[in-house]
Amino acid sequence: MSGLIGKKIGMTSIFDENGKNIPCTVIQAGPCVITQVRTSEVDGYKALQLGFDDKADKRASNAAVGHFKKAGTSPKYKVAEFKKFEDDFNLGDSVTVEMFKEGEFVDVSGTSKGKGFQGVVKRHGFGGVGQATHGQHNRLRAPGSIGAASYPARVFKGMKMAGQMGNEKVKVQNLRVLKVVADKNLIVVKGAVPGHKNSYVTIQK
C-alpha cells in the first residue's frame, strides 16, 4: 500500500454540507523524500523507503548521513517503507500530500499515548466492587477473583489484570479524507488517530 509519513498536529471539527459538525484530525503529511528503492533482485521485494522531518547532520550517525547523502538529502528523523506505489519514483524524488484525494479512505498508524501502570478499571473497563454488599471494604477498584485454585494451580496467560497501558502501535482503518491543503502539506481526516500532538504517523491508501 502506498502512503506517506506525517506528524499529528491536533484535533478540530468542521461542518459538512449538511451542517453536521464532524470531529477530525489535522496531519502534516510530507513532503517525504525517497531515500531508498527496494528491488526484487537485490532485496527480494519491491518497496520505497521514505524519509520525513529534517535532522541536523551532527545529530545523525555517519552511517545515516552517508545513507541519506546517496539520495541527495539531509538526514531524517522518521523513515518508513511502503509497498505497491501506483506511480514510479526514483531515488531522491519527493512525494507530497497531493497523492491523496478528498473523499477517499486511508489507514493511519501511530504509537498510542503511554498511560503507565494502570488498574483493571481503567485498563479493561472493569466495574469494580462499587461498595456492594457482604461487607466490602477498600475494594472499590479491585480486580476480584482470577479463577486459580489447586487446579490449574496457575494463572492463565492473557488474564485481564493491572499492568502497563498504552504506548503500543495502533492502526485506525478507513478514515475518510475530508480536506487536502496541498500548499501547507496538510491532510484532514475524519475521527481520531493514535498518538499525542507532534507524534509521527504513517498514512496508507
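Strand β1, residues 3-15, pairs with β12 in the antiparallel sense over 5 bridges. Strands here are DSSP runs of E of at least two residues, helices are runs of H or I of at least four, and both are numbered from the N terminus. Two strands count as paired if DSSP finds at least two bridges between them.

Before going on: this is a predicted model, local features need pLDDT of at least 70, side-chain atom pairs count only at pLDDT 80 or more, and totals for chains, interfaces and linings use all residues. Residues are numbered from 1 along each chain as its sequence is written, and side-chain values use heavy atoms, with hydrogens and water left out.

Back to β1. Gly6 has Val201 in β12 as its bridge partner. The two strands belong to a barrel that 6 strands close in the order β1-β2-β11-β10-β7-β12, with antiparallel pairing. On average, neighbouring strands of this sheet are turned by 50° against each other, direction ignored; axes are lines fitted to C-alpha atoms, for helices over the stretch in contact, and angles run from 0 to 180 degrees between N-to-C directions.

There is also an open sheet of 4 strands, ordered β5-β4-β3-β6 and antiparallel. Its edge strands, each pairing on one side only, are β5 (76-82) and β6 (94-95). Between β4 and β5 there are 6 bridges, and Gln49 stands opposite Glu81 in β5. Helix α1, residues 62-70, packs on this sheet and touches β3 (32-38), β4 and β5, contact being heavy atoms within 4.5 Å. The helix direction makes about 95° with that of β3.

Next, the rings. The whole structure has 1 aromatic pair, where ring centres of Phe, Tyr or Trp (its six-membered ring) must lie within 6.5 Å, and planes under 30 degrees apart are stacked, over 60 edge-to-face, the rest tilted. Phe52 and Tyr200 form it, edge-to-face, at 6.1 Å centre to centre and 90° between the planes. Phe52 is in β4 and Tyr200 in β12, 148 residues apart.

How exposed or buried are the two? Phe52 is buried at 3% relative accessibility, while Tyr200 is partly exposed at 26%. Buried means under 20% relative accessible area, exposed over 50%, partly exposed in between, with a 1.4 Å probe and protein chains only.

Last, cysteines. Cys24 is buried at 0%, and so is Cys32, also at 0%. The disulfide count is 0, taking a disulfide as a pair of cysteine sulfur atoms within 2.5 Å.
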